[in-house]
Amino acid sequence: MDEFQGKYFSITDPQGVNTVIYRINKTAKELQKQYPKYTVERLVYSEELNGNMKKKTFFVDYPEPEGEDLVILSFGEEKVVVNMGILKDDKLKISRRPIPVKFDTIYSEVPTEFKDFNYTPNLKRPITIIDPETTEEVKPKLYIDSQTNEVKGKCKLKPYKSYFTFEVK
């Protein structure tokens with residue numbers, strides 16, 4: 001029977017804040033011509049309430065021995081705080097200062113489709129679009145590209161709604 005290997009760590013969100021964390025994966029050098037150099041993968045977590053605080057325990061499957069680079073997104077009312085973290089040797093180190101983020105606003109009064117990307121069954125992809133109200137990812141609609149005969153994804157965005165999107169380059 002295969003043994004499961006992983007690490008976990010916990011954070012506590014104050015009332016009105018919802019934190020999600022992504023693992024940054026570097027694509028193997030020999031595959032970088034056909035795939036993006038980096039992909040992101042959302043960490044699974046469990047949650048328990050403690051008064052008006054939420055304790056979240058995040059899980060990292062098969063961590064790299066040299067450590068894992070993480071993007072930590074804390075969604076609050078009308079803002080997102082972005083931090084970087086490193087999980088190594090059973091310790092999580094978080095940057096002392098939030099990092100500045102370059103962003104663009106996407107606004108439309110009609111439903112919009114946003115950016116094609118190659119589909120990967122493990123949900124690792126170069127770009128992530130998040131609904132800041134629920135902190136859930138916008139799930140892509142899959143289709144077969146008739147020109148390349150590949151499965152691709154496209155995200156459909158609702159009109160009059162804000163989204164948070166990020167891509168690791």
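Colleague: What does Glu-41 form with Arg-23?

Modeller: Side chains of opposite charge can pair when their charged atoms come close. Glu-41 and Arg-23 form a salt bridge, with 3.8 Å between the closest N and O atoms (a side-chain nitrogen of Lys or Arg within 4 Å of a carboxyl oxygen of Asp or Glu). Glu-41 is in strand 3 (residues 38-42) and Arg-23 in strand 2 (residues 18-26), so the bridge ties together parts 18 residues apart in sequence. The model is predicted, so local features require pLDDT of at least 70 and side-chain atom pairs pLDDT 80 or more, while totals for chains, interfaces and linings use all residues. Residues are numbered from 1 along each chain as its sequence is written, and side-chain values use heavy atoms, without hydrogens and water.

Colleague: Does Arg-23 count as buried or exposed?

Modeller: Arg-23 counts as buried, at 7% relative accessibility. The classes are buried under 20% relative accessible area, exposed over 50%, and partly exposed in between, with a 1.4 Å probe and protein chains only.

Colleague: How many salt bridges does the structure hold?

Modeller: The structure holds six. One of them joins the side chains of Asp-90 and Lys-7, at 3.8 Å from N to O. This pair links distant parts of the chain, 83 residues apart: Asp-90 is in the loop between strand 7 (79-88) and strand 8 (91-94), and Lys-7 is in strand 1 (residues 6-13). Asp-90 is exposed, at 65% relative accessible area, whereas Lys-7 is partly exposed, at 22%.

Colleague: Where do Asp-131 and Lys-161 lie, and are the two buried or exposed?

Modeller: The side chains of Asp-131 and Lys-161 meet in a salt bridge, 3.0 Å from N to O. Asp-131 is in the loop between strand 10 (127-130) and strand 11 (141-145), and Lys-161 in the loop between strand 12 (150-157) and strand 13 (164-167), which puts the partners 30 residues apart. Both residues, Asp-131 and Lys-161, are buried. Salt bridges with shared partners also join Arg-23, Glu-41 and Glu-68 into one network.

Colleague: How many helices and strands are there in the chain?

Modeller: The chain has zero helices and 13 strands. Of its 169 residues, 32% count as buried.

Colleague: Which order do the strands of the open sheet have?

Modeller: Strands of a sheet pair through backbone hydrogen bonds, either parallel or antiparallel. Here five strands make an open sheet in the order 3-2-6-7-8, with antiparallel pairing (two strands pair if DSSP finds at least two bridges between them). Strand 3 and strand 8 are at the edges with a single partner strand each, so one side of each has no neighbour in the sheet. On average, neighbouring strands of this sheet are turned by 30 degrees against each other, direction ignored; axes are lines fitted to C-alpha atoms, for helices over the stretch in contact, and angles run from 0 to 180 degrees between N-to-C directions. Strand 6 (residues 68-76) pairs antiparallel with strand 7 over nine bridges, and Gly-76 has Lys-79 in strand 7 as its bridge partner.

Colleague: How many bridges join strand 1 to strand 5, and how many join strand 4 to strand 5?

Modeller: Strand 1 and strand 5 run antiparallel and are joined by eight bridges, with Phe-58 in strand 5 as the bridge partner of Phe-9. Strand 4 and strand 5, also antiparallel, are joined by seven; there Glu-47 has Lys-56 as its bridge partner. The hairpin of strand 4 and strand 5 has two residues between the strands, and in this hairpin Gly-51 takes a positive phi near 70 degrees.

Colleague: Which residues does Lys-54 touch?

Modeller: Lys-54 is in strand 5 (residues 53-61). Leaving out residues up to four places away in sequence, Lys-54 touches residues including Ile-11, Asp-13, Val-17 and Glu-47, where contact means heavy atoms within 4.5 Å. Ile-11 is 43 residues from Lys-54 along the chain, and their C-alpha atoms are 8.3 Å apart.

Colleague: Which residues form a nonpolar patch on the surface?

Modeller: Tyr-8, Val-44 and Phe-59 form one, with about 350 Å² of accessible area together. Patches take residues with over 30% relative accessible area and no salt bridge, joining like charges within 9 Å and nonpolar side chains (Val, Leu, Ile, Met, Phe, Trp, Tyr) within 5 Å. Areas come from the Shrake-Rupley method with a 1.4 Å probe, and for residues only the protein chains shown count as cover. Val-44, in strand 4 (residues 44-50), is exposed at 58% relative accessible area.

Terms used. Helix = DSSP H or I, 4+ residues; strand = E, 2+ residues; numbered from the N terminus.
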